[in-house]
Every structure is written in C-alpha cells, then in structure tokens.
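User: I am new to this structure and would like to learn how to read its surface and its chain contacts. Please take me through them step by step.

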Amino acid sequence: MKGSKLIAMISVFALVGLVVAPGSAVAEERIIIDGSTTVGPIAKAFAEYYMSKNKDVNITVSESGSGNGAKSLINGMCHVADMSRFMKDKEFAAAVKKGRTPVAHVVAIDGIVMVVHPSNPVKGFTVAQVRDIYMGRITNWKDLGGPNVEIVMISRDTNSGTYETFEKLVMKKKKIYEKAEYVGSNGAIRQRVQSTPASIGYIGLGFVDRSVKALEIDGIVPDMNTISSGIYPIARPLFMFTDGYPKLGTHLHRFITLHLSPRGQEIIEEIGFIPVTRY
Amino acid sequence: MELKTRRMLDRSFTTIGVFAIVLMAVSLVILLQPIVWRGAGAFIFRETVENRKLNLELLGRGSRAKVEIEITETEAARKPVYDMMAAFEAEMEEGGSAFRKQYGREYSELRDMLSELLGPLPGEKNPVLIRAQYGRTRWDRAQVKFHQIRYVEKYDYSDPDRMGVKIEKPRSALFESTSIEPLFGYLEENIEQMMLPKLTFYWRFLFDRSFDAHFFGGIWPEVLGTFYLALGAMLFAVPLGIVTAIYLAEYAGESRFVSLLRTCISSLAGVPSIVFGLFGLAFFINTMKISNGKSVLAGSLTLAFLVLPTVIRASEEAILAVPRTYKEAAMSLGAGKWHTIISVILPAALTGILTSIIISLGRAAGETAPIIFTAAVSVGRPLAIWQTLSQPSPALSWNIYNLATEHEAVDEIRHVQYGMVLTLVAMVLLLNLTAIIIRARISKKLRG
Amino acid sequence: MNDRIYEHTESDLRSRLLMSRGTRRHRRLGALAGDTVLIVIASSSLIALLFIFYFIIKDAIPFFQIEGVREFFTSTRWYPSREDAEFGALSILVGSTLVTTGAVVVAVPMGVLAALCLSDILPFSMRQVVKPVIEMLAAIPSVVYGFFALVVFAPLLQEKGGSLLSVGALIVLVPVSIIGVGVASDLIGARFSEGSRGVARIASAAVLSIAVILVLYQLNRFLGGLRIVSGTNALNASIILGIMALPTVVSVSEDALNAVGRELREGSYALGATRAETLLRVVIPAAKSGILAAVILGVMRAVGETMVVWMASGNAARIPQPIFNYLEPIRTLTATIAGDMGEADHVTGSARYHVLFAMAFCLLVFAFVSNFVSEMILRRSRKQLG
C-alpha cells in the first residue's frame, strides 16, 4: 500500500518530536509565576537570570493581569503572584479562608507615565487635565494647546493593576469615558500610541522609550529621581506575593529575594523600573 | 432585453465571478507576503560582529580565533569614536557650566545611543541583562539605530489641523564646532568596519530557547509546546472520533438518537473557541483538578473537544467512501460486523481518516483562545514529555499574541514575532498540503 | 471504481477471516458488549456539549441572580472593575453585531460569487487550483490574521486609510455601475420605437454614465479625504473577519450549488438562457436555502472569533456615533471574555467573573440556535432537491 509509506513518514516525524523532547533540559523543581503585565518584564528577566544560574529549576511566567495573579495564588495555582497593586481586602479574606497567608514583597517602584506620539506638540498636563481627557470633557488637542485633532484615548484593560492605579490616583472615582480604547498590556498601549499620532495613553516607566513622548505631570518630568522621591504624583510600588514567607534556602526564597541583591537591582534598573533601595 | 446586452451581461457576470476568485487569491497573497518575507528575516539576516560575540560567549558557537580577530579589528575601528567621546568629555569638563548646560543633555542622549549601537562603552561596567551587554546584533536594527544617531527628529507644527510633521535634521549640527563633530563623519565612513555585517542563516532559530525574553535566541519552547498541545489533542480526539464515525457510518440507522447525535456534533463544531477555553478552565482545571493550574494536559483536552467534530465528520466520510462490495465480501465469508470493520473497512478508509487527522492537527496547532486559560504561559523551559501532565508551556499561537502586544520592546523583536508567525503558518500549511496531496491521490485512484 | 485502490485480494480477505470461524460464538457475545461501549463512546460529543452547557450555565446564572437581566441587555455602561460596578453589555452586544455585519458584507457577496464561479464557470482543471487556495485561507490560524490586522493593516489604514477606502469602493462600484448603466440603457431603449432605439440607447447610456461618474467622483473625493484616526476599529476587524469567514461561505454554498442538478441547468440553457441568466434565475433560487445556511455558518464563524477582534477592534465599550460608523473602535463579546478573564476573580465570587460566563452563554445560545436553523434549512433543501 502506498499510503502506508506516507503514514510511516508522518509517524516518524511525530516520533522525532517526542524523542527529541526529553533530551532537552529536565527541570526538577518548578516555580509558577502569574499576574501583572507591568511586573512581567521583571519576572521574565528574573526567571531567565535565575534559570541560567540554576539548571534544576523551571520557572514559568504568565502575564494575565494582577487580578488573575491574586486568584491563582489564592487557589494555590501559582507560587508567586505579580501584582501592580496591593491585594484587595476581599482577596485577602478569600486567601485566609483557604488557609493561605499572602506575603507582599515590594520588588520595584514604578511611575505611571502619560505618553503621546512624538509629533504631538503638547509638553505636559496637570492631573486634572488628564482626568478631564479620560472623562471625555476635553476631546480635542486644541484645548490643550495642540492642533485641531480629536484625541484618541487609550487605556489599559480593566483587568490590570495599572488601570486600577490610574483609576485611583488620576480619575479619583470618576468614570473613564466610554470612548476610550482598551488594550491588554503596556506594550500594546505604547504600540498604539507610537502608531497613532492623535493618541494618548499611560504606561509604566519601564515601558517608555524613544518611540513615544513622556509628558510632564504638574510640571514634573517622570524619571527615576522624581518618582523615587515621591515628587511625581502618579507612582506606585510593584509587588510579588507569595503564600507565607518561603522556606529559607529554597529556590523560591532565593528567587523572591533576588530583587534585594545587587544583580537583581541592576536588572530592575536596566529594564527601566526603580529598585526599592533607591530612596 | 436585446441579445447584445444579454451577452454583455453574461460576460460581465463571468468576469465578476472570476474577479471574486482573483480577489480571494490576492488577499491570500497580501496576507502571506509580509509573513513570508519578514518571517524569513528571523532565519536569514545580516548579523553584526556583536552577534558572533554573543554566540561565542553565551553558547560557545563559532570559532574563537576568528571572532577574536574580528573583535580586534572592530575595536580598532571603534577606537577613534571612543577617543573623540573622551576628548569631548574633557572639553565639557573644562568648558564650564554654560557649555555643559548647552551640550549636557544632547551628549548624554548621544552617548546612550552609541552604547546601544556598539555595546557597553569602555569604562562602563558590564550590565546584567544580555540585551544591554551587546550592541545591535542585527544589521537592520543597527542601521535603524545608526539613523537615529545621525538625525534628530524635529516636528513642524505649522499646520494647526494636524499633528506635527516629522523633519529630520543632522545631529552633527547640534555639536557644531566642538571636538565631537567629526564623529558623525567618521561613523558615516566606518560603520561597516565597526560592525562587520555578514549574511547568516540562523536555522537554529527553531531549536534554540530564547535568551533574555526573546531578544535573542529562538523559539524551541514554543514550537515544542505547540507540538505537544496539538498531538495531545489528537491523542484524545482521534480514538473518540473514529469510533463515533464507525458507529455513525456502520451501525446507526436513521433513529432519533442518531439525528440528535448529528445535531450535537454540528453544534459542537459551532461553539466559539473562547467558550471552549472557559469550559476547559471551569471543567478540567477548576472542577476535575487534573492539574494544579494550567497544564499542557488541560489544554490538550480542551483542544480535543474542539477538533472532535472535524475528526468525526471527515472519518465518517472516509468510511462511507469504502465500496460496499468490500463489506459484503467480508460478511459473506462469515466475518462478524466488528471483525469486518477492523480488518476490512478501517484499513481501506485509513488514508481518508489520516487526512482528517492531519487537518485537525493543523487546526489544533493554530488555536489560541482555548489555551489562554488552560495551557499557555509566556516564559517557560521546553518540557519533557511527562512534564506535560502537570506543567504549562509556551505555545506559538499564544506567544505571537503575547509578543506582539505585551512585550516591553515590541519593535525590537519584530523579527521574532514574524519568525513565529511564519513557523506556525508553515506548520499548518504544510499539514494541509500533505492532506491535499493525499486526497488528490485518493481521488486519482478512485477515478482510476 | 477500481479494485486496485484497496489492494486486498480475495484470498487475502479469506485467509484473514477464516481464522476467526472457530471463535465465532465467543465473538458474538463480545460484539454485544462492544456495541454498548460503541454507543457510549459515540455519544462523547453529546456528553461534551451537555457538559459545556452545564458548566457555562452554572457560572452564568449567579450573574443574573446578583445583577438581574435588565441592566446586562439594556445599559451601555460597562465598568466592571469599580466598587460600584456596572455591567451594561449592550454596547458590547452591538459591537459584536457590527463586526459580524461588516464581515458578512465582505464575505457573502464575494463568497457566493466565488462559489458560483467554482461550480459553474471555471473549468475543472482551474477548480483544482482554486480549491487549495480556499483551503489555505481556511487553515491559517486566527492569531495570524489578528497579527496581520494589528501589525500590518492597522498602520496602513491610519496612514493611507482614505485612499485605501476609495480604491476599495472603486473596485466594487465601477463594475457594478458599468453593468447597471448597460442594463438601464437597454431597458430605456426598449421603450422607443424600432427606428430610434439605437440612438436612444446611446444617448441614455451617455447621460447615465456621466451621472454615475459624477457620483463616483464625489464619493471618491469624500472617501479619499477621510482621515482614520485609529487603525484598530470596526472596519479593520470586519474586513479581516470577512476574509476569515470566506472559505466557510464558499465551500458550503458551493455544495449547495452543486446539489442543484444538471437537468435544471440544461433545461434553462435549452430555453435559450445565457449562463448568467441560468445562474441568477434558476440555479441560485434553487440553491437559496443552502446559500442561506452558508451565510449563517459564516456569521457563526465571525461571531465566535476571538483573536482578530481582540487585536484589531480597539476594544472600546461604546456604541459608535452614528451607529454605522465603522471607523470607530468597538468591543465584542469574545474579546471581552478573553481580556477580562484575567481580573475576574471567582474566588471572591464577584459578579465580574460570572458576567463573562453570561456572555459566553449568549454566544453559546446564539451558536446553538443558528446551527439548528442552518441544519433545518439544509435538511429541508436536501429533501427538496433529493
């Protein structure tokens, strides 16, 4: 039968995949990390750094939002929950009910930076103006000293800690206008802003690069100094939560304290966030 | 209507029909062209000396002697740059506060960009992240960076009805009549000697793991994850699907139960993929607790339900295509029904069933929505086969989404995204092509 | 058919089957047990469907218990994350409807025309080339379409949106208006007497073409002047979804067209009809229920698609103003589920988790109903034609 030759070929292909696989690194212990996309870059860089130093551990990182991180930790589905906001009372209560005690580790400090397209002449706002834009009260750049172009507002999805921080620190209980576009991550906001001249968005300090223009808020440039000293108005700590303090000497313990080591701090600074020791 | 008009109508109708087909083919080409072209850039590109350095130091690839010669060569070409920078720094030191105010910010920007292009400048301490340890490893990225060094972006705001229009001004004008001005001319002349671009074929892109969050390295964990997920799904779906198909084709009559079954199968095929994802989360993970959190197993099971209808339908067709005479011959020889099916019908329908499996395999490999909540993570090691039972894995489809939207340096790693897209598309299309070829051979045989 | 296909010779068959004679009784008992197992396994898709319904409904009901039904379907205020959360999904439902409509507008005319072309116009050899193209379009994963929409198409729409739209409009409208002018002038000409008919036709054709050209020019200028502020919008998602739904529409309606027998076609030709007339007046009416089923299946594909709309629609929970403004971003059910599941902490039993299941339930009901309808239509048409 001619078909059988084909079958044989295909099964060989399939088998090659299965046989090659176990040949790759065999990890003994694993650390599962879930949560915020803002903390994601730190977690990913830490994970790769840690795995390169310790061959016997497999660290997986999902970036699915702060709330999801909390949920996974409470359900015992991850060891570390990245969060760009603190745990809510409800989440704490749920965790305690399940016999878990979330312990917060502040890994870095982050500022929320308002960004626009580099072609935008606007230099900065007040917090009140940002609020007005996102409430739909200011809809045109000309009201802010820019050209006569309609503002495209871009917001993080409602599942992010960044969104909730923004809501708390900037919107002050006011609701974001329904015309705002929602995207799933910091990277996506920057991408939308750099490709859309009329847009405005907000991202974590670590995501700011030359392709977008960071705005001054209340006349203060967002940078490492203004944020770590608390002068810049929209700043927040970034957390990793664990269930209880990890047993000393375990991989989890060494991983979760990586941000306190000089190497860890360098990584955080290189990614663009502010190490906690920089006060 | 007149005959002439009718004929014209007929002809134009034909034209429009053909036009629709052409439009379809064109949209396929438009879709595939950037994917193939830019995806190939992940494999074949011009690497700079930095890439060879990285390969040698990180992975021990390449010949040490050759790379070392190249490094000394490029260091020689770079030295004047570093010297000019040192001279300018000295000039700033002497120039007093007014001078420093005028050039301080501009110079630190230039310095940052030069270190991004060439790697850490002499005297700087070596950074921890790999992305900061080396200069631009790809010549195309190096050229983008070089362009940024040469030109300052300014904007013209004269039109009140639009955003500023980009104007590029040479950066050298900012540093006019200082000791660093000649730097730009020197860079212009010697950039190739400083980077030594060379065409390379990075076939290991498929088989390397990623280094430093996909800035470097390949996509092996993703490829492997996709492989496991798709094969795992088939492992569950194929037996179920074939048995169901046998039942429908050989056992069932036209009872009410069978028509209910058929409605269920087509309904299952119509369930949106994201609903499968929610179901997988609610059932396999939250209720059955088959794994503690996401795992390849949970994802495979979810995908199995998704492809089940496809497998059933196509297998049934294949079984029905087996000539009745075969079955009758077997029966007349005294074989039982079950025996007939196993020893006569299934072997005869095997190629047809195989096509259905191949197509479903492609479908399972490409699905994203069902694995978001059940199996996919953005970073993880390649798994060994027994680890798939309990651990999640990256997968091509999810990581395309993840890298294209969530990564902190989306633009820097465009080539990786396109490379992943190309790999996924190639995988799926190759599977489909195989199926098409097999099918063509069957129908050729059938026509004799 | 040829016996060479399945290379079992008779002796081969016999030798395999004879072996089993001795154990026949044993086998009969086994067969009975086998049959039972068979039915159970065959019901797996039934069981799967029941499970899906059960698990989605189980988590959807609490939402309606906590928040009630009215707000979900009538309010456009979608603020799921706040303390005083609001779960008005109307704008999201409208968003799903909008992109689906857009996708249908793209996919159906093109798909049906392509199906006609495949079944009646193209020669057999060409068909063998075209079919794989359609299969390839169908096989490309949705995340690839989404990637294309986000990375290639959205920036293109922003930069050259107006001219793209006007070129697209011209591609569609020019052939349509040429045919329209031809038919209209012919009809007008027919009203005149034999002698002046030719002149009347030419005159009316000239007048009509000038009018059409003027209209097209104006439209073109309007579209060309449009500035698309944001490339991820309903239009982008609609076009890409339309292309994704195309293969479904083509293959199902081609089946329907093929099911119309040769006799009908030949009868029509025998009466002197041209091919276009045969197709439009005879074949399409005969196959219309099958084509309708194809449209429904295409709609289902578009409604249920996640990655493309998540990446390309902009995800703004707002009904566009005016409602047919496809250049505004919209948000769909599937994208909301995919995007919001992250924060939907079911641990704390929030309505926010259950609202997503309520949305999934809506999708499920829609898929189920439309599948049922299309099944009914197909079954009826098969009976009619069969």
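User: Which residues form a nonpolar patch on the surface?

Analyst: A patch is built from residues with over 30% relative accessible area and no salt bridge; like charges are joined within 9 Å and nonpolar side chains (Val, Leu, Ile, Met, Phe, Trp, Tyr) within 5 Å. Accessible areas come from the Shrake-Rupley method with a 1.4 Å probe, and for residues only the protein chains shown count as cover. Here the nonpolar patch consists of Phe19(B), Val167(C), Ile171(C), Val172(C), Leu173(C), Val176(C), Leu219(C) and Phe222(C), with about 670 Å² of accessible area together. Two elements of chain C, helix H7 (142-190) and helix H8 (197-225), each give two or more residues to the patch. The most comes from H7(C), with five residues; Leu173(C) is found in that helix. Helices (H or I, at least four residues) and strands (E, at least two) are DSSP runs numbered from the N terminus.

User: What kind of model is this, and how are its residues and chains labelled?

Analyst: This is a predicted model, in which local features need pLDDT of at least 70 and side-chain atom pairs count only at pLDDT 80 or more, while totals for chains, interfaces and linings use all residues. Residues are numbered from 1 along each chain as its sequence is written, chains are lettered from A and ligands numbered from 1 in the order in which they are written, and side-chain values use heavy atoms, with hydrogens and water left out.

User: How much area do chain B and chain C bury between them?

Analyst: The size of an interface is often given as the accessible area lost when the parts come together. Buried area is that loss, found with a 1.4 Å probe and summed over both parts. Chain B and chain C bury about 9000 Å², and 77% of it is on carbon and sulfur atoms. On the chain B side, Phe13(B), Met24(B) and Leu333(B) lose the most area to chain C, together 8% of what that side buries. Counting contact as heavy atoms within 4.5 Å, 98 residues of chain B and 101 residues of chain C take part.

User: How many salt bridges and polar contacts lie between chain B and chain C?

Analyst: A salt bridge is a side-chain nitrogen of Lys or Arg within 4 Å of a carboxyl oxygen of Asp or Glu. Between chain B and chain C there are two salt bridges; one of them joins Arg439(B) and Glu135(C) at 3.2 Å, N to O. A polar contact is a pair of N or O atoms within 3.5 Å; within protein, one must be able to donate a hydrogen and the other to accept it, and residues adjacent in sequence count only if both atoms are side-chain atoms. Nine residue pairs are in polar contact across this interface, both residues at pLDDT 80 or more. Helix H1 (residues 3-43) of chain B supplies the largest share of the side of chain B that touches chain C, 24 residues.

User: What does the contact between chain A and chain C look like in the same terms?

Analyst: Chain A gives 37 residues and chain C gives 37 residues to this contact. The buried area is about 3000 Å², of which carbon and sulfur atoms give 46%. Lys71(A), Lys175(A) and Glu178(A) supply 22% of the area that chain A buries against chain C, more than any other three residues. There is one salt bridge between chain A and chain C, in which the side chains of Lys175(A) and Glu86(C) meet at 2.2 Å, N to O. Eleven residue pairs are in polar contact across this interface, both residues at pLDDT 80 or more.

User: Where is there a cis peptide bond?

Analyst: Most residues other than glycine have a negative phi, and most peptide bonds are trans. In chain C, a cis peptide bond joins Gln321(C) and Pro322(C), with omega about -15°. Pro322(C) lies in the loop between helix H12 (307-312) and helix H13 (333-340) of chain C. As for phi, Asp212(B) has a positive value of about 55° although it is not a glycine.

Terms used: Buried area is the accessible area (1.4 Å probe) that two parts lose on being put together, summed over both.
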